[in-house]
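Welcome, and thanks for taking a look. Please keep the model open beside the text as you read.

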Amino acid sequence: MAFEEYDDYEQEQLVKEWLGNNWLTIVAGIAIGIGGLWGYGQWQNSQVMKSHSAATEFAALEASLKVSEAGEIDQLIEDYEGQYGSNIYAVQARMQAANKMVEDGNLAAAKDQYKALIAAKPDKPIAEMARLRLARLLVSENEFSAATAELGLVQSKAYQTIVEEVMGDIYVAQGNHSKAQDAYQLALNEGEGYSGKQIIEMKLADIKVVN
């Protein structure tokens, strides 16, 4: 029955009765609410502290990456991920590690870094960037089927210029100059503002000379 069906006094009595019957629930709710706010504040503070610690540890990790060997690097990153998870610093560490390994000529170790990064399921743009870099390494080692499979998983339009360029590289390596020309041309058509456009133009020009 709605409160407006009673006069003021009756409404007052109803409220008092309801409060009398439910005071424990109300007090408990307030306590939980206050506790929840305090707990949320504590959680926020802990997250800030954890983030600060993760950044500090990454600085130390970054320094170690520059002077460590491939096997040591992988263990260092795994230890970091074990403590802080696959956060943005871990992603950056694996990217830097892969770059170092490429410079050192250790392509197998570099590929492992990109595969581990992808397996950690980062945000889509990062995963796709890793796939593109992995695909380039696979092409350099004549693993064309694996490279094509990685490229097929890159769906963002922003990366399509690079996808077509690498596909062109695959076709060149396979001796299919006609498909390579088409791929490079498509890369140029898609690549407005792409910093590597001049390189693609050179690749396309080389193909035309061969043909």
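## A charged pair at aspartate 104

Aspartate 104 has a relative accessible area of 52% and is therefore exposed; here buried means under 20% relative accessible area, exposed over 50% and partly exposed in between, with a 1.4 Å probe and protein chains only. Its salt-bridge partner is lysine 100, with the closest N and O atoms 3.0 Å apart. A salt bridge is taken as a side-chain nitrogen of Lys or Arg within 4 Å of a carboxyl oxygen of Asp or Glu.

Before going further, a word on the basis: this is a predicted model, in which local features need pLDDT of at least 70 and side-chain atom pairs count only at pLDDT 80 or more, while totals for chains, interfaces and linings use all residues. Residues are numbered from 1 along each chain as its sequence is written, and side-chain values use heavy atoms, with hydrogens and water left out.

## Overall make-up

The protein has nine helices and zero strands, where helices (H or I, at least four residues) and strands (E, at least two) are DSSP runs numbered from the N terminus. Of its 211 residues, 31% count as buried.

Contact means heavy atoms within 4.5 Å. Among the contacts with a separation of 6 or more, 48% are between residues 24 or more positions apart.

## More salt bridges

Side chains of opposite charge can pair when their charged atoms come close. By the rule above, the protein has 10 salt bridges. One of them joins glutamate 81 to arginine 94, with 3.0 Å between the closest N and O atoms. Glutamate 81 belongs to helix 2 (residues 70-84) and arginine 94 to helix 3 (residues 88-103), so this pair links distant parts of the chain, 13 residues apart. Both glutamate 81 and arginine 94 are buried.

Another salt bridge runs from glutamate 143 to lysine 111, whose closest N and O atoms are 2.6 Å apart. Because glutamate 143 sits in the loop between helix 5 and helix 6 and lysine 111 in helix 4 (residues 107-119), the pair ties together parts 32 residues apart in sequence. Glutamate 143 is partly exposed at 30% relative accessible area, whereas lysine 111 is buried at 9%.

## A network around aspartate 169

A network of salt bridges links Arg136, Glu165, Asp169 and Lys203. Aspartate 169 lies in helix 7 (residues 160-173) and counts as buried, at 17% relative accessibility. Leaving aside residues up to four places away in sequence, aspartate 169 touches Arg136, Val139, Tyr184 and Lys203.

## Helix 5 against helix 6

How do helix 5 and helix 6 pack, and at what angle? Helix 5 (residues 124-140) and helix 6 (residues 144-152) pack at about 165 degrees, with their axes 8 Å apart. Axes are lines fitted to C-alpha atoms, for helices over the stretch in contact, and angles run from 0 to 180 degrees between N-to-C directions. The two helices are therefore roughly antiparallel; angles over 145 degrees count as such, under 35 as roughly parallel, 65 to 115 as roughly perpendicular and the rest as oblique.

On the helix 5 side, Arg131, Leu132, Leu134, Ala135, Leu138 and Val139 meet Phe144, Ala146, Ala147, Glu150 and Leu151 of helix 6. These contact residues divide into nine nonpolar, no polar and two charged. Ala, Val, Leu, Ile, Met, Phe, Trp, Tyr, Cys and Pro count as nonpolar, Asp, Glu, Lys and Arg as charged, and the others, Gly among them, as polar.

## Isoleucine 118

Isoleucine 118 is in helix 4 and is buried, at 13% relative accessibility. Not counting residues up to four places away in sequence, isoleucine 118 touches Ala127, Ala130, Arg131, Leu134 and Glu150.
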